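Visitor: Hi, I'm new to this one and would like a quick tour. Could you put it up on the screen for me?
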Amino acid sequence: MKLSTVKALPSGRYTLIFEDGTRQTVEQTVVLDQGLYAGMELDEEAWQQVLSAQKAASAKARAVRIAASTAVSEQELRRRLRQRGEDPDCANEAVDWLKDLGALDDLALARRVVQQAQAKGYGKARIKQILYQKGVDRACWDEALDTLGPNDEAIDRFLQKRLGGSLPDRKEQQRVIDALRRRGFGWEEIRQGLDRYGAEVEELE
C-alpha cells in the first residue's frame, strides 16, 4: 500500500492517507520513529508495525495528559487508560514508562492524600478509605500514614461547630459519635474529644 499524504493536524497528530482511501490518525512520534513520508510504500508487515507503534504511542500520550491534569496512582492510571480504550499491554507499558521517568510516585501521592485529608478533618480510617479508592499501592500506606499528626484539634473543631458550645443530650451525643466515626476517627479518640468538651460519655460507645 502506498502512502499518498502525511497531513499534520492542529492537535499535533498526523493523518496518514493511502492511495486506496485508507486513513489512520497517528501520534507525531509514530511518523518520526517509523520514518513515514508521502510516496512511501508499506507492505503488510510494515503497516502492522505502524499500527502497533500507534497503540503504544496513543497510550503514552493519553497517560501523559491524564497524569498532567490530576494526581493519579499507578493503578488508577492503568484503569483510566483501559476505560478509554487503550490496549491493556500498552497501558501497562505507558504506566511503567511514566514511573521510570519519575512522573508517577505512589508514595508521594499517598503523603499528599494524607496531608490533604487531615486538613479536611478526616481521621485515619477515612484516610485509608481514600487511599484505597485512589488505588494507591498498599506498600506506601504505612509510611504515608506515619506523617499523621494528632487528631485532637480536628475533633475539637468538629464538636464546637456541631454543638456550638452547648452540652448535648444522650441522643445528640450518639449522633455526634456516629458522625465522627464516619469521618474516620476511632472510638477512643472520640471519647477523649467528648471528655475535653465536657460531655458525659462513660457509658456511650
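Visitor: Thanks! What radius of gyration does the protein have, and what would a compact globule of 205 residues have?
Guide: This is a predicted model, so everything here is computed from it. The protein has a radius of gyration of 27 Å, while a compact globule of 205 residues would have one near 17 Å.

Visitor: And what does the C-alpha trace span along its principal axes?
Guide: About 85 × 30 × 20 Å.

Visitor: What is it built from, in terms of helices and strands?
Guide: There are 10 helices and three strands in the protein. Starting at the N terminus, the order is β-β-β-α-α-α-α-α-α-α-α-α-α.

Visitor: How much of it is buried?
Guide: Buried residues account for 38% of the 205 in the protein. The accessible surface is about 12000 Å², and carbon and sulfur atoms hold 45% of that.

Visitor: Which residues have the most contacts inside the largest nonpolar core?
Guide: They are Phe 158, Leu 159, Val 176, Leu 180, Phe 185, Ile 190 and Leu 194, in a core of 16 residues. Helix H8 (152-163), helix H9 (170-182) and helix H10 (187-197) each give two or more residues to this core.

Visitor: Which of those helices gives the largest share?
Guide: That would be H8, with five residues.

Visitor: Let's zoom in on Ile 190. What does Ile 190 touch?
Guide: Leaving out residues up to four places away in sequence, Ile 190 touches Ile 155, Ile 177, Leu 180, Arg 181 and Phe 185.

Visitor: What about a second core, how many residues does that have?
Guide: The second core is separate and has 14 residues, among them Val 113, Ile 127, Ala 144 and Leu 145.

Visitor: Switching to Gln 115: where is Gln 115, and is Gln 115 buried or exposed?
Guide: Gln 115 sits in helix H5, which covers residues 106-119. Gln 115 counts as exposed because its relative accessible area is 59%, and exposed means over 50%.

Visitor: How far apart are Gln 115 and Ala 144?
Guide: In sequence they are 29 residues apart, and in space 8.9 Å lie between their C-alpha atoms. Across the protein, 53% of contacts between residues at least 6 apart in sequence join residues at least 24 apart.

Visitor: Last one: how many positive and negative side chains are there?
Guide: The protein has 33 positive and 35 negative side chains, and the centres of these two sets are 6 Å apart.

Key. Residues are numbered from 1 along each chain as its sequence is written. This is a predicted model: local features need pLDDT of at least 70, side-chain atom pairs count only at pLDDT 80 or more; totals for chains, interfaces and linings use all residues. Side-chain values use heavy atoms; hydrogens and water are left out. Helices (H or I, at least four residues) and strands (E, at least two) are DSSP runs, numbered from the N terminus. The radius of gyration is taken over C-alpha atoms; the globule rule is 2.2 Å times the number of residues to the power 0.38. Buried means under 20% relative accessible area, exposed over 50%, partly exposed in between (1.4 Å probe, protein chains only). Contact means heavy atoms within 4.5 Å. Accessible areas come from the Shrake-Rupley method with a 1.4 Å probe; for residues, only the protein chains shown count as cover. Lys and Arg count as positive and Asp and Glu as negative; His and the chain ends are not counted. The place of a charge is taken as NZ of Lys, CZ of Arg, CG of Asp or CD of Glu. A nonpolar core is a set of buried Ala, Val, Leu, Ile, Met, Phe, Trp, Tyr and Cys residues joined through side-chain atoms within 4.5 Å.
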